[in-house]
Amino acid sequence: MTEVAAPPAERAQDVKRIGHWIGGRIVEGESGRSGAVYNPAAGVQSGAVDFATVEEVDRAVQAAKSAYPAWRSTSLSKKSAILFRIRELVFQHKDDLARLLTAEHGKVFSDAQGEVARGLEVIEYCCGIPELLKGAYSEQASTGIDVYSIRQPLGVVAGITPFNFPAMVPMWMWAPAIACGNAFVLKPSEKDPSASMLTAELLKEAGVPDGVFNVVNGDKVAVDALLDHSEISAISFVGSTPIAKYVYETATKNGKRCQALGGAKNHMIVLPDADIEMAADAAVSAGYGSAGERCMAVSMIVAVGHAADDLVGAIKERIPKIKVGDGMDSDAEMGPLITREHRDRVASYVERAPEEGASVVVDGREGVENGDGFFLAPSLLDNVKPGTKAYDDEIFGPVLGITRVDTYDEAVRLVNENPYGNGTAIFTRDGGVARQFQFDVQAGMVGVNVPIPVPVAYYSFGGWKDSLFGDRHIYGPEGVDFYTRGKVVTSRWPDPATSKVDLGFPQTR
């Protein structure tokens, strides 16, 4: 077990090399190509991650293929015991993982700790794999015949994960995948890959056989190599909608099972009867947490009727109290964005908001004093209209928009007409309206007075419409279904003397 390095901010002059994890060991890349990994809080390069070639991806897949038969044959009780050890090791090293997240992504340390904790919940769920893979049995389905169903692993499967949750989202994939008996190849984001490399070490220490879990770092070359590889049976993806659509279309064209989770434009409806102070706290927390770089972040507030003015005032009052700074600063509540380019892209929405008819209530471009870091303070836009860039695009940053409508029906129509359908929330004191909302709204995850309705580990995470391509959500029961396929066995143990030729259609009566 190697020791976790100090955060890059403390040794910015040292650029570490990050390779791959293939067949149970670190492997340096051979392509000669690499990508820069930054400490976003300092604005300096902290690492260089090797970009895999097609041949290197194939080596990872072959390592997984070789390890798969023995892992598939491993008993459920032994797999469960290994998963319990994984859970304990991840828990023991949760702060090490969190430091890596803060160092390479920029999110504040407490937020990084929360990310690891939510990933751990999925690992804990998968520790119960003997129960989760129980089939069904029907005795005497027909005279002398029993029928039973089982679920079996797919083989070699792969995951392609985003920069915003470098530990949690991979856990959502590899934990159920290997629990179900598959071998796994992970392609993490090239922007913050170190958490995945530490995870690989922890899995090896826990007793996961070499080759069952592999990490290949890279760019589109590595992604396409996974999508095209004939030995990979299934692909899981989380990222932007255009790439999710590309991944889904390419994977399914190549005969693979695929779940591709895309982008979002999550609306939070605030009704006139809502507790405005509570709604404002929720909007600020869900809009600006992790610098807005969450697919479940609230990015649009739909204020109904007279709720709007009070809500805008309450949010505006809270924004100056948010401390923006280095994620390892214990006082910081919001860190930088992942790259300088992304920071500038997010800021451009604030810049052009007045041209689109919106008013800038709070301008996050002002008053940011954090040296060369990729910082942007929270912004608040009012009177944001559908059809404008600020409304239509997934900004993926600390920009919160307010849209004003007169009625509940108008608010629901805005949510349902949006091409995304990831998550949504309603704030109200009226239970009947809340129940009607969860019936009416077209989104995969719904919060009632809960701004970020990410399901607990024993349910499944996923949106509707352009937020998901495929028919299975991630982790939970649907995750187990995704990484397995069903088989039905019909058996008879008759007296040989009763056997005869019968060319008719099989009967059950």
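I began with glutamine 152 and looked up its bridge partner in strand S23, which is arginine 485. I note here that this is a predicted model, and I keep that in mind for every entry below.

Next I followed the strands around that pair. Strand S7 (residues 145-153) and strand S23 (residues 484-492) run antiparallel and are joined by 9 bridges. S7 also pairs in the antiparallel sense with strand S6 (residues 136-142), here over 4 bridges, and I found that valine 147 in S7 is the bridge partner of serine 138. S6 and S7 form a hairpin with 2 residues between them, and in that turn glycine 144 has a positive phi of about 75°.

I then turned to helix H7 (residues 194-206) and checked its length: its 13 residues, at 1.5 Å a residue, should span 18 Å, and the end C-alpha atoms are 19 Å apart, which agrees. I asked myself how many residues of H7 are buried. The count is 11 of the 13, so the helix is largely enclosed by the rest of the structure; buried here means under 20% relative accessible area. Among the buried residues I listed Met197, Leu198, Glu201 and Leu202. Just after H7 I came to glycine 207, which takes a positive phi of about 110°.

My last entry concerns the surface. Val456, Tyr458 and Tyr459 make a nonpolar surface patch of about 340 Å². I placed tyrosine 459 in the loop between strand S20 (445-448) and strand S21 (464-465). Is tyrosine 459 buried or exposed? Its relative accessible area is 54%, and because exposed means over 50%, I wrote it down as exposed.

Definitions and conventions. Residues are numbered from 1 along each chain as its sequence is written. This is a predicted model: local features need pLDDT of at least 70, side-chain atom pairs count only at pLDDT 80 or more; totals for chains, interfaces and linings use all residues. Side-chain values use heavy atoms; hydrogens and water are left out. Two strands pair if DSSP finds at least two bridges between them. Patches are made of residues with over 30% relative accessible area and no salt bridge: like charges are joined within 9 Å, nonpolar side chains (Val, Leu, Ile, Met, Phe, Trp, Tyr) within 5 Å. Accessible areas come from the Shrake-Rupley method with a 1.4 Å probe; for residues, only the protein chains shown count as cover. A salt bridge is a side-chain nitrogen of Lys or Arg within 4 Å of a carboxyl oxygen of Asp or Glu. Buried means under 20% relative accessible area, exposed over 50%, partly exposed in between (1.4 Å probe, protein chains only). The expected span of a helix is 1.5 Å times one less than its number of residues.
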